[in-house]
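This briefing describes one protein structure for a reader new to the subject. Look through the sequence and the model, then read the points below.

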Amino acid sequence: MFELQEIPLERSSGPLAKSVWEFIDEGLRRGKSIDCFDYVPSNYDVVYAALSALPRGRFCEWGSGMGIITGLAEMLGFDAHGLELDPGLVTASRRLLADFGLSATVQTGSYFDVHHAADVYFVYCWPGQVSRTEEHFLATAAEGARLLVYFGPDDFRCEIKTSIDSP
Ligand SMILES: C[S@@+](CC[C@H](N)C(=O)[O-])C[C@H]1O[C@@H](n2cnc3c(N)ncnc32)[C@H](O)[C@@H]1O
């Protein structure tokens with residue numbers, strides 16, 4: 001049996017490199033021309049600081065939007081992948097990643113249907129979707145995997161899948 005346990009979310013400090021900001025700013029600029037009601041950018045410096053503090057491994061962004069976090073994860077040394085429902089965002093994010101020389105992949109589909117194994121997952125979804133997303137994570141992720149749940153710079157948490165039988 002497994003459960004979700006909230007663990008402290010560390011954030012590394014220090015300014016982001018100019019090249020990282022250039023990628024973020026270009027992603028934000030291109031994202032403005034995509035008509036997708038569901039796409040709301042997160043605070044990328046905040047997410048970058050949290051990812052920086054995590055052990056590297058496989059990363060999957062659930063609802064990857066413009067692929068900015070997927071790209072940042074690759075820059076930090078993760079093997080990064082995004083899953084996105086909106087085909088326009090999938091196309092635009094693939095182009096953005098390629099234009100910046102990044103090889104992270106983005107797949108079209110719902111993260112409720114498409115499984116991509118990872119050590120760290122990130123999601124920024126509507127509050128009404130959080131329970132379902134957490135249940136899905138619990139059902140599909142490996143023991144020890146982390147789920148970063150973002151709602152804003154001050155509402156950002158890290159959950160880990162742990163065995164209830166663990167001491
Ligand atoms: C609030 S935006 C966040 C985008 C991106 N993660 C970020 O932080 O910049 C949520 C994104 O998830 C996508 N989305 C919503 N439900 C999804 C699902 N079930 N599977 C894949 N993508 C989904 C939306 O199209 C949207 O791009």
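In this predicted model, helix H3 covers residues 68-75, and seven of its eight residues are buried, so H3 is largely enclosed by the rest of the structure. Buried here means under 20% relative accessible area.

**Helix H3**
- The buried residues of H3 are Ile-68, Ile-69, Thr-70, Gly-71, Leu-72, Ala-73 and Glu-74.
- After H3 comes Gly-77, which has a positive phi, near 105°.

**Elements of the chain**
- The protein contains five helices and seven strands.
- Read from the N terminus, these elements follow the order β-α-α-β-α-β-α-β-β-α-β-β.

**Overall form**
- The radius of gyration is 15 Å, close to the 15 Å that the globule rule gives for 167 residues, so the protein is as compact as a globular protein of that length.
- Taken along the principal axes, a box of roughly 45 × 35 × 25 Å is filled by the C-alpha atoms.

**Burial and contacts**
- Of the 167 residues in the protein, 49% are buried.
- Counting contacts between residues at least 6 apart in sequence, 67% join residues at least 24 apart.

**Surface and charge**
- The protein exposes about 8300 Å², and 52% of this area comes from carbon and sulfur atoms.
- There are 13 positive and 24 negative side chains in the protein.
- The centres of these two sets of side chains lie 6 Å apart.

Key
Residues are numbered from 1 along each chain as its sequence is written. This is a predicted model: local features need pLDDT of at least 70, side-chain atom pairs count only at pLDDT 80 or more; totals for chains, interfaces and linings use all residues. Side-chain values use heavy atoms; hydrogens and water are left out. Helices (H or I, at least four residues) and strands (E, at least two) are DSSP runs, numbered from the N terminus. The radius of gyration is taken over C-alpha atoms; the globule rule is 2.2 Å times the number of residues to the power 0.38. Buried means under 20% relative accessible area, exposed over 50%, partly exposed in between (1.4 Å probe, protein chains only). Contact means heavy atoms within 4.5 Å. Accessible areas come from the Shrake-Rupley method with a 1.4 Å probe; for residues, only the protein chains shown count as cover. Lys and Arg count as positive and Asp and Glu as negative; His and the chain ends are not counted. The place of a charge is taken as NZ of Lys, CZ of Arg, CG of Asp or CD of Glu.
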